[in-house]
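Colleague: I have a sequence and a model open here. Can we go through them together?

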Amino acid sequence: MKIGVLCSGGDAPGMNAALRAVVLTAAEGGAQVEGILFGFDGLIDNQTAPLLPEAVAGLARHGGAFIGSARSPRFLEKDSRQQAAEHCRQKGLEALVVIGGDGSYRGAAVFEEETGIPCVGLPGTIDNDLEGTEYTIGFQTAVQTALEAVDKVMDTAESHGRVFVVEVMGRDAGHIAANTAAAAGAHAVLIPEVPHQVPALLEFFKRYQGAMRRRPIIIIYSEGESEVGREDLVRNLRTSFPQLDVRSLVLGHLQRGGPPVAADRILAARLGREAVLALSRGFSGMGLGIRQGQLVHTPLAQCKKRQLPPEAYLLELSSLGLQEWKF
Ligand code: ADP
């Protein structure tokens, strides 16, 4: 058996660990793996490379996606997908493992439906916003990276008694923000899933502004937050509370990089291994994931963007910090 593997959409730490597990599990069963370079574009352009076990040795500890990851607007067109299928046939690829988010899963589902080439999806996205799994590959690392950055910001915020508004990633999901805020002991968190958070925050500032002067205050702002823009929030705080020193920081792409934490490496390896085992048993059209510690298979069409908000206890913990400066 010959399997193609690709990473698609935004990269996530742990994709390499998944690639390694796919290649080594295939080798264990006598199958070959072809790496498709830069997502679905690599299939359309016939840019692939054989992945031998030695090529993935030691790869689990590296962030990023060593075969490249990309968005491919061309793959939205049927003609391009037919071309991709033709290249699969030429190279003898009998199945595909697609590592990415809900968009990549949609691509995999339509490709399998149109061409009959079996596809399996692995949840590779830092945002943790995918149905079919409780955790996506890369999420825990992104939270840890954001946490370490916020810890450092907290040090300087303490020294100068400043307010920091720190923007973290997550597209339109607040999981990175809520987890980072709860772990960091931040003072407030603004996420897209919760409406009407800003008036209460401003009211708190108004009431306790005297006690807050020269105090470190960290507000975690999720990039998908729509109630107020980050810059508008900072402007508003500066205008309304001129005695507070308000600063703003966007963590940005550093949240995508770095060595994956243990939980992401193990998740990626477990799912990567399962992808090959599932294909060899004849299963396809599924997104793989973990639920309550168990491996689960969910039809790709059902693995949509997850709408479930972060758990309420995380939000409670994230606002607890404000009590530090109340008295
Ligand atoms: P993610 O997988 O992280 O959600 P995107 O939404 O950008 O990222 O999707 C990644 C890629 O998946 C797209 O660039 C495109 O190549 C492919 N894709 C997304 N939706 C479809 C679709 N409806 N049909 C075919 N391919 C799709």
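Modeller: What follows covers the ligand site, then a few residues in loops. This is a predicted model, where local features need pLDDT of at least 70, side-chain atom pairs count only at pLDDT 80 or more, and totals for chains, interfaces and linings use all residues. Residues are numbered from 1 along each chain as its sequence is written, and side-chain values use heavy atoms, with hydrogens and water left out.

Colleague: Which residues come nearest to the ligand?

Modeller: R71, S72, G101, G103 and S104, out of 17 residues around the ligand. A residue counts as near if one of its heavy atoms lies within 4 Å.

Colleague: Which helix gives the most to that shell?

Modeller: Helix 4, residues 102-115, with six residues. Helices here are DSSP runs of H or I with at least four residues, strands are E runs of at least two, and both are numbered from the N terminus.

Colleague: How far is an oxygen atom of the ligand from an N or O atom in the side chain of S104?

Modeller: 2.5 Å. For the side chain of R71 the distance from a ligand oxygen to an N or O atom is 2.8 Å, and a polar backbone atom of S72 is 2.7 Å from a ligand oxygen. The protein covers 83% of the 550 Å² of accessible area that the ligand has on its own (Shrake-Rupley method, 1.4 Å probe).

Colleague: Changing topic. Where is Q255 found?

Modeller: In the loop between strand 10 (245-250) and helix 9 (262-280).

Colleague: Buried or exposed?

Modeller: Q255 is buried, at a relative accessible area of 0%. Buried means under 20%, exposed over 50%, and partly exposed in between, with a 1.4 Å probe and protein chains only.

Colleague: What does the side chain of Q255 reach?

Modeller: The backbone oxygen of G252, at 2.8 Å. A polar atom of the Q255 side chain also lies 2.9 Å from the backbone nitrogen of M169. Beyond four places in sequence, the contacts of Q255 (heavy atoms within 4.5 Å) include I126, A142, T145 and I176.

Colleague: And N46, what is its phi?

Modeller: Near 60°, a positive value in a residue other than glycine. Most residues other than glycine have a negative phi. N46 lies in the loop between helix 2 (40-44) and strand 3 (48-50), and is partly exposed because its relative accessibility is 25%.

Colleague: What about phi of N128?

Modeller: Also positive, near 55°. N128 sits in the loop between strand 6 (119-123) and helix 5 (139-160), and its relative accessibility is 4%, so N128 counts as buried.

How values were computed. Polar contact = N/O pair within 3.5 Å; in protein donor to acceptor, adjacent residues only side chain to side chain.
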